[in-house]
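Here is a short briefing on the sheet and a surface patch. Keep the model open while reading.

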Amino acid sequence: MQLFYPVMALCLASPLLASAAETVVAASTTAATAPTAQGNGMNAMTIMNVFGSLIIVLGLLFGLAWLYKKLAIKLPGSSHIKIVSSVMLGPRERILVIEVQGKQRVLGVTANQINMLFELDQPLVDDQAAPDWRTQFQALLQKQKSKP
């Protein structure tokens with residue numbers, strides 16, 4: 001996952017960089033023949049369009065990554081360890097209640113370490129079963145449609 005974002009950015013940027021290189025080559029050939037005000041303006045506009053497109057694509061990429069992280073979509077295959085509850089204590093500190101093999105444990109999580117604080121004698125009641133990612137996405141779309 002750490003390599004996904006840089007590779008994706010390079011894949012998306014390569015056509016834009018190629019067209020920018022073609023623009024630079026075209027600009028150098030027109031500059032050698034006869035510089036005109038209109039020709040130079042078109043080249044600058046083309047370069048601005050290329051870089052503007054690049055910024056939009058990168059912004060869209062990072063926006064979707066942020067949305068994915070914010071939604072905390074539960075992917076299939078994470079059924080062995082279940083996060084029952086989570087409380088933020090600071091920017092990088094939190095307390096988690098997790099369930100493993102039918103037992104609930106309370107963990108203290110910081111940026112540097114994870115400590116098991118204690119095991120619960122009586123498990124916490126899960127108010128609502130966590131919906132799958134399709135249900136979460138449909139609920140988000142419905143919420144967006146209902147906004148005025």
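Two strands count as paired if DSSP finds at least two bridges between them. In this predicted model, β3 and β4 run antiparallel and are joined by five bridges.

**Sheet layout**
- Four strands make up an open sheet in the order β1-β2-β3-β4, with antiparallel pairing.
- β1 and β4 (114–119) are at the edges, and each has a single partner strand, so one side of each lacks a neighbour in the sheet.
- From one strand to the next, the twist averages 25 degrees.

**β1 and β2**
- Strand β1 covers residues 81–88 and strand β2 covers residues 94–100.
- Seven bridges pair them in the antiparallel sense.
- Serine 86 stands opposite leucine 96 in β2.
- The two strands form a hairpin, with five residues between them.

**β2 and β3**
- Strand β3 spans residues 103–109 and pairs with β2 in the antiparallel sense over seven bridges.
- Valine 97 has valine 106 in β3 as its bridge partner.
- This hairpin has two residues between its strands.
- Glutamine 101, in the turn, has a positive phi of about 55 degrees.

- Asparagine 115 in β4 stands opposite glycine 108.

**Side-chain pattern**
- In a regular strand, side chains alternate between the two faces of the sheet.

**Surface patch**
- Which residues form a nonpolar patch on the surface? They are Leu60, Leu64, Trp66 and Leu67.
- Together they have about 430 Å² of accessible area.
- Leucine 64 lies in helix α2, residues 37–71.

Terms used: Residues numbered from 1 in each chain as written. Predicted model: local features only at pLDDT ≥ 70, side-chain atom pairs only at ≥ 80, totals over all residues. Heavy atoms only, no water. Patch = residues over 30% accessible without salt bridge, like charges linked within 9 Å, V, L, I, M, F, W, Y side chains within 5 Å. Areas by Shrake-Rupley, 256 points an atom, 1.4 Å probe, with all protein chains shown as cover. Salt bridge = Lys/Arg side-chain N within 4 Å of Asp/Glu carboxyl O. Axes fitted to C-alpha atoms, helices over the stretch in contact; angles between N-to-C directions.
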